[in-house]
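Take a walk through this fold, one contact at a time. Keep the coordinates open as you read.

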Amino acid sequence: MSKVNHLLGISGGKDSAALSIYMSQRHPELDIEYYTCDTGKELQETYDLINKLNSVLGKDIKLYKSMDEENSPMKNPFDHFLEMYGGYLPSATARWCTAKMKLEPFEQHVGTAPTISYVGIRGDENRDGYISTKENIQTIFPFRKNIWSEDVIRKFLNNANIDFITQVYKDLNPDNLELILEYVSQPISLRYTQKQKLNSLLDANTKVFNHVVFAWLKTTEYPVGQLDEFPLLDNDDNLDINDIFQILEDSGVGIPAYYNPIQYQVEIDGEIHQGTYYRSRSGCFFCFYQQNIEWVWLLEQHPELYEEAIKYEKEGYTWMEESLIELKKPERVNAIKKEHYLRTNKQKANQATSWKDQILAAEAEGCASCFI
């Protein structure tokens with residue numbers, strides 16, 4: 001039997017940083033390799049965070065390279081691949097940046113070895129993130145009540161497995177076995193969906209459910225099924241954004257500096273108002289998923305990086321529909337701040353919202369491979 005590798009990617013975002021700390025503290029028995037994929041265009045705050053994690057984790061975070069630096073005339077991965085794509089900037093519909101600089105280096109490093117990839121999707125998120133199509137890579141979500149990926153759940157809860165699942169539950173014999181078997185015996189249908197069945201079994205007993213899944217995985221080629229034991233079977237945590245920030249603060253690493261709210265001034269109807277802005281995600285400093293207010297944040301907090309981002313724009317190739325040269329005009333900056341100020345204050349008036357709530361809202365757009 002091949003050795004199963006345990007990998008955890010650190011993007012420079014809050015969730016992957018917190019997950020690396022969480023796993024190192026909760027499961028030191030797992031020989032996890034922590035890694036990052038540098039695009040060469042990250043914020044300094046991102047590099048600072050990774051350096052802090054190196055100390056806290058007690059082991060070096062490995063760098064998975066996406067290019068042959070010695071034989072490329074370009075100085076960094078982004079410029080290397082931009083040249084390959086003929087100057088065609090990445091976009092939401094053509095995310096070659098994620099594929100070439102994040103996913104491919106990861107899968108090339110893994111090769112054919114059975115591998116468990118730990119991903120920091122939280123319990124308050126409704127997404128799975130990146131799931132590799134390679135059969136030897138299995139994704140696990142330690143922050144969620146349901147640690148299993150969608151592909152595992154879909155196959156496991158297939159109606160054809162009802163007898164198998166029933167027998168394993170009987171062998172484990174939990175206190176509420178009779179109730180659990182009622183859920184198990186009911187086939188998935190339009191009236192009783194996979195999600196309903198999953199939630200019923202998780203609510204009945206998450207840890208026992210995980211052990212039943214593990215028994216089924218033993219009949220498959222999934223990497224977790226190749227282990228003699230798996231400590232996360234007894235995991236029933238369901239962590240939200242507040243828990244993530246708490247892990248970072250308690251560890252001494254702290255939250256990534258780009259999340260810290262900074263005050264800005266905006267003139268509205270002749271009056272000066274104080275708003276706050278910050279960056280809602282990690283990733284390249286010129287990421288096309290940024291909101292307009294985040295471009296203004298970059299302009300005012302890192303003007304040299306904003307000017308560098310402008311240099312990449314040319315006719316037909318801009319980061320957004322609006323060029324950065326247009327966006328930096330004072331009247332446009334004030335308009336963006338005004339819209340942001342009015343919108344965020346309206347949200348606060350309608351319900352109790354915080355900057356953490358706004359980060360949650362921003363997570364709806366973007367690539368999990370870069371931002372978690």
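**Starting from a buried charge**

The model is a predicted one.

What does Glu42 meet in a salt bridge? The partner is Lys102, with 3.9 Å from N to O. Glu42 sits in the loop between strand 2 and helix 2, while Lys102 sits in helix 4, residues 96–110. The pair therefore ties together parts that are 60 residues apart in sequence. Lys102 counts as buried too, because its relative accessibility is 9%.

Now turn to Lys41. Lys41 forms a salt bridge with Asp79, and the closest N and O atoms are 3.7 Å apart. This pair also links distant parts of the chain: Lys41 belongs to the loop between strand 2 (32–36) and helix 2 (44–57), and Asp79 to helix 3, 38 residues apart. Are these two residues buried or exposed? Both Lys41 and Asp79 are buried.

**Salt bridges elsewhere**

How many salt bridges does the rule count? The count comes to 18. One of them joins Lys328 and Glu307, with the closest N and O atoms 2.7 Å apart. Lys328 lies in the loop between helix 13 (324–327) and helix 14 (330–350). Glu307 lies in helix 12, residues 303–312, and the two are 21 residues apart. Lys328 counts as partly exposed, because its relative accessibility is 30%. Glu307 is partly exposed as well, at 33%. Some salt bridges share partners: Lys14, Asp15, Arg122, Asp124 and Glu125 are joined into one network this way. Side chains of opposite charge can pair when their charged atoms come close.

Step back to the secondary structure. The protein chain holds 16 helices and seven strands. Five strands make an open sheet with parallel pairing, in the order 3-2-1-4-5. Why is one side of strand 3 and of strand 5 left without a neighbour in the sheet? Strand 3 (62–63) and strand 5 (137–140) stand at the edges, and each has a single partner strand, so one side of each has no neighbour there.

Look at one pairing in detail. Strand 4, residues 115–118, pairs with strand 5 in the parallel sense over four bridges. Ile116 has Gln138 in strand 5 as its bridge partner.

Strand 2 holds Ile32. Ile32 counts as buried, because its relative accessibility is 1%. From its C-alpha atom to that of Met320, 288 residues along the chain, the separation is 38 Å.

**The hairpin**

Strand 6 (residues 262–268) and strand 7 (residues 271–277) run antiparallel and are joined by seven bridges. Gln265 has Gln274 in strand 7 as its bridge partner. The hairpin of strand 6 and strand 7 has two residues between the strands. Asp269 in this hairpin takes a positive phi near 55 degrees. Strands of a sheet pair through backbone hydrogen bonds, either parallel or antiparallel.

**Cysteines and surface**

How many disulfides does a search of the whole structure find? The search finds zero. Cys97 counts as buried, because its relative accessibility is 11%. Cys287 is buried too, with a relative accessible area of 9%.

Met84, Tyr85 and Tyr88 make a nonpolar surface patch of about 310 Å². Met84 is placed in helix 3, residues 77–84. Helix 3 also carries Asp79, the partner of Lys41. Asp79 is buried, whereas Met84 is exposed, with a relative accessible area of 52%.

**The whole chain**

Of the 372 residues of the protein chain, 53% count as buried. Along the principal axes, the C-alpha atoms fill a box of roughly 70 × 55 × 40 Å. How does the radius of gyration fit? A compact globule with 372 residues would have a value near 21 Å, and the protein chain has 23 Å, which agrees.

Key. Residues are numbered from 1 along each chain as its sequence is written. This is a predicted model: local features need pLDDT of at least 70, side-chain atom pairs count only at pLDDT 80 or more; totals for chains, interfaces and linings use all residues. Side-chain values use heavy atoms; hydrogens and water are left out. A disulfide is a pair of cysteine sulfur atoms within 2.5 Å. Buried means under 20% relative accessible area, exposed over 50%, partly exposed in between (1.4 Å probe, protein chains only). Patches are made of residues with over 30% relative accessible area and no salt bridge: like charges are joined within 9 Å, nonpolar side chains (Val, Leu, Ile, Met, Phe, Trp, Tyr) within 5 Å. Accessible areas come from the Shrake-Rupley method with a 1.4 Å probe; for residues, only the protein chains shown count as cover. A salt bridge is a side-chain nitrogen of Lys or Arg within 4 Å of a carboxyl oxygen of Asp or Glu. Two strands pair if DSSP finds at least two bridges between them. The radius of gyration is taken over C-alpha atoms; the globule rule is 2.2 Å times the number of residues to the power 0.38.
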